[in-house]
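Please read through the following structure with attention to how its chains meet and to where individual side chains are placed.

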There are 2 protein chains.
Amino acid sequence: MRYEDAAWREKQRIRLDVNNVFGTHGLTPAELEAEAPRAAAAIAAVQERRADLGWPLLPDQDVTPFEQFAAAHRDRIDTFVVLGIGGSALGNIAVQTAINGPFYNLLPREQRGWPRLLVLDNSDPELNAGALRMLDLRRTMFNVISKSGTTAETMASFLYFRQALVEAVGEDRLGDHIVLTTDPNSGFLRQIGQREGWTMFDLPPKVGGRFSVLTSVGLLSAAMTGVNIRELLAGAAYGRELAANPDPLRNPAALGALINYLCFRKGKPIVVMMPYANRLRDVADWFAQLWAESLGKAVDRQGKPARVGQTPVKALGATDQHSQVQLYMEGPYDKLINFIAVEQYAETAPIPTAYADLEGVSYLGGHTMAELIQAEQQATAIALSEAGQPNITHIFPEINAFTLGQFFMLMEMQTAIAGELYDINAFDQPGVEAGKINTYALLGRRGFEERRAAIAARAQALDSRWVV
Amino acid sequence: MRYEDAAWREKQRIRLDVNNVFGTHGLTPAELEAEAPRAAAAIAAVQERRADLGWPLLPDQDVTPFEQFAAAHRDRIDTFVVLGIGGSALGNIAVQTAINGPFYNLLPREQRGWPRLLVLDNSDPELNAGALRMLDLRRTMFNVISKSGTTAETMASFLYFRQALVEAVGEDRLGDHIVLTTDPNSGFLRQIGQREGWTMFDLPPKVGGRFSVLTSVGLLSAAMTGVNIRELLAGAAYGRELAANPDPLRNPAALGALINYLCFRKGKPIVVMMPYANRLRDVADWFAQLWAESLGKAVDRQGKPARVGQTPVKALGATDQHSQVQLYMEGPYDKLINFIAVEQYAETAPIPTAYADLEGVSYLGGHTMAELIQAEQQATAIALSEAGQPNITHIFPEINAFTLGQFFMLMEMQTAIAGELYDINAFDQPGVEAGKINTYALLGRRGFEERRAAIAARAQALDSRWVV
């Protein structure tokens, strides 16, 4: 395997270029150096908690069960459907797009070699009904992912497709079309799986949803679509090494955490993640959950008011140069822009020469699209830097399973280190409870009658004048 | 046609509920009332400029040419490919997803009835090469969209696919596979079309890219995929009426503009657009360009420093409740959240009852997914409001061409009115020039030698210590 070769691994190292963070509205090297001791302590704190956190150990797991499952079911299945939401969907989608590209599902089966992947991550009725109309259920497998089995969106989709399967294949064949990913010991989904005798994959109890892409959550659908999950984990192990460097100014995860933290403290509440590759578009979406849910917190670890959290913005280069870059250039100095640059695309796509007399077109001929998009990334980074808008660039040597796994781990480590700098708990999400309780109340779930009455009273008090 | 019935139109009116904008960290009714005279003046100013702006007149155009073109080519074409970027892509994608749904391209031809739609809006080499590998060029038509014919990404893709077409169908048959949308009088693309004798659709010169969804830019691909473009424009005409109401507190476009403006002035630089429907996901992306590029400006109309512009964030409900809502609840009070609620989905998707003894699952049975997602939207709005995070809700009676066209026009009017409130030019984008010039320089285009040298000197000065 190529990832067993140290020289190859070193060639696939993701680098972080922060030169453009320095300037009038950005940071100074002195500021970074002044905070370096705190960042060093944060690295040490995260390293110490590795076993406790769980996700840092995921690169060491045995992935044979996923590979065996995929090999066993590959030929009988045309579409593998993930029913999951948030951390049980974003990583799956990110892996899929990054490794198999945006057209995978549109390719004919013989070109794909593996089943299509659909991730149904919403309780939108039209999404679920539309998928049902399209699917041949006899050739479909559903992977239901929920740690607790109480995730309303996922369980609603599960009940919906379960009933359709009963009609299409019969109740006694459900086990051929449903596989569960859930807590190994407790929860409703575990109970259901035991009762039905379905195949189940364990979700490590310590690992929270947004850190779970390298668990059974992400690995099963990756294996089912032909992704090299061993290389993915090898990349994650390599990223873990980089993120363990005790010198925060030589450690990309720590340096990224420190820069984001200082930018937030200096009045920049927005962080843009802008990869220059369609294949990495959904990685930005995965990052947005990781960063927002981990660091958006009302109180610090002592329970004192904090109200911190950068708002992540997903963008795509070069596309969003024609949408968002006007704002990034001329708008408030309230952002840190994270680019992802790619040094070598899998294809170059040469631009042929034509219309040689039309200079506004002909200058493109002879170049490749790879050169064009790389020039655009550099051009935009320079323009922003010269406009006083700080930015940093994550440089991917290539997009492959190794660099993807590496980036996952680097960003997870960056998030944990940033949590230390903010002194908040980066691993809970207490803020989503209120909305869940309101939903239960509105749906008439038992035990939520009081809240239901409060919501009704609230609705009474609304002023129709303010509905226009 | 149903949209000719006034009662039906009234039933399809999009409402804006702003009750949840009031509260500790939001606005007060008094603040809105105090600024109402300025907002009224802004409405009047936009109304006065209707002809000058161009896009307010688009609902009145004759769409017969688009329908005729679509009818003529529908059967010989399997895939209609848009080559455009920014304003020449985002509206096309938004219409497609909203009307035809997220699975349209995956359906068999006989179910679709119309060609697939691909929008290639990037100079990513893998995106373009991947599409080329997948397409049967003999059954493909390319719609090249660029006002000037100098858009580098679009022209590169055009040259790339033009050459492939020469090889696949021959140079003398290119006209059967290429249709241009460009300026009626000038520009490289117009010159090319004239030279080649290809079909061309005119882009109204006054209408800027981000306001062009209802021009030939958006209408041709919509017609080619079976969208009812007459109903789309009827909806836009209806939205134009609503936005002409001189009372800003009864005019949803003006009220939306005023609330966003005041929130920005009160320290909320972020605006979230969060539809609760997968079909409206790409409408949020369309809005993000409109809002960011129009209002992100360094100077006001007198040339004085302004540095304004909210950063739009695209989210999707209920999905992003499991990704972003933790931050919206507990993070800084720096956001205004815009929900889009849907009163009636095209399908309800009933949730069957099963596992009656497992209360954490069984409470869902008997409800529909439509009820679930609607409860989630309300639950989240209430939770945010109670947490002091202001939010407003655009209420779509249904998702159809009429409400979509209506929303496009309402948001365009809201943007123009907000431009008046900020006293900035909402219709230019001077900030993107610097990046374009850098790209030309990096690609070695003639006339940019000096800039190229400056960039090279800059690269020399970078410190490798800050690449980690």
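**From a buried leucine to the chain interface**

B:Leu384 counts as buried, at 0% relative accessibility, in what is a predicted model. This leucine has its place in helix α16 of chain B, which runs over residues 369-386. Apart from neighbours within four places in sequence, B:Leu384 is in contact with B:Tyr328, B:Met329, B:Ile337, B:Phe339, B:Gln389 and B:Asn391.

When residues within four places in sequence are left aside, the contacts of A:Thr79 are A:Pro115, A:Arg116, A:Leu118, A:Leu135, A:Arg139, A:Thr140 and A:Met141. A:Ser88 lies in the loop of chain A between β2 (79-83) and α5 (90-100), and with a relative accessible area of 12% this serine is buried as well. Not counting residues up to four places away in sequence, A:Ser88 touches A:Val82, A:Ile145 and A:Val217.

The cysteines can be taken up briefly. Over all chains the structure holds 0 disulfides. A:Cys263 is buried, with a relative accessible area of 0%, and for B:Cys263 the relative accessible area is likewise 0%, so that this cysteine is also buried.

How much area do chain A and chain B bury between them? The value is about 13500 Å², with 60% of it on carbon and sulfur atoms. In chain A, the residues that lose the most area to chain B are A:Tyr355, A:Trp466 and A:Val468, which together account for 7% of what that side buries. The contact draws 155 residues from chain A and 155 residues from chain B.

Polar and charged pairs also cross this interface. The rule finds 70 residue pairs in polar contact between chain A and chain B, where both partners have a pLDDT of 80 or more. Of the elements of chain A, helix α16 (residues 369-386) gives the most to the side that touches chain B, with 13 residues. The residues on that side of chain A divide into 78 nonpolar, 40 polar and 37 charged.

A search of the whole structure finds 60 salt bridges over all chains, and across the interface of chain A and chain B the rule finds 14. One that involves both chains is formed by B:Glu126 and A:Arg279, whose closest N and O atoms are 2.6 Å apart. Another is formed by A:Glu386 and B:Arg451, with the closest N and O atoms at 2.8 Å. Why does the pair of A:Glu386 and B:Arg451 join two chains? A:Glu386 lies in helix α16 of chain A, whereas B:Arg451 lies in helix α19 (residues 449-461) of chain B, so the link runs from one chain to the other. A:Glu386 counts as partly exposed at 47% relative accessibility, and B:Arg451 is partly exposed with a relative accessible area of 22%.

In chain B, the side chains of B:Glu231 and B:Arg2 meet in a salt bridge, at 2.8 Å from N to O. This pair links distant parts of the chain, 229 residues apart, with B:Glu231 in helix α11 (residues 229-242) and B:Arg2 in the segment before α1 (6-11).

B:Asp285 counts as buried, at 13% relative accessibility. In chain A, salt bridges that share partners join A:Arg49, A:Asp52, A:Arg301, A:Glu420 and A:Asp423 into one network.

How values were computed. Residues are numbered from 1 along each chain as its sequence is written. Chains are lettered from A and ligands numbered from 1 in the order in which they are written. Side-chain values use heavy atoms; hydrogens and water are left out. A disulfide is a pair of cysteine sulfur atoms within 2.5 Å. Buried means under 20% relative accessible area, exposed over 50%, partly exposed in between (1.4 Å probe, protein chains only). Contact means heavy atoms within 4.5 Å. Buried area is the accessible area (1.4 Å probe) that two parts lose on being put together, summed over both. A salt bridge is a side-chain nitrogen of Lys or Arg within 4 Å of a carboxyl oxygen of Asp or Glu. A polar contact is a pair of N or O atoms within 3.5 Å; within protein, one must be able to donate a hydrogen and the other to accept it, and residues adjacent in sequence count only if both atoms are side-chain atoms. Helices (H or I, at least four residues) and strands (E, at least two) are DSSP runs, numbered from the N terminus. Ala, Val, Leu, Ile, Met, Phe, Trp, Tyr, Cys and Pro count as nonpolar, Asp, Glu, Lys and Arg as charged, and the others, Gly among them, as polar.
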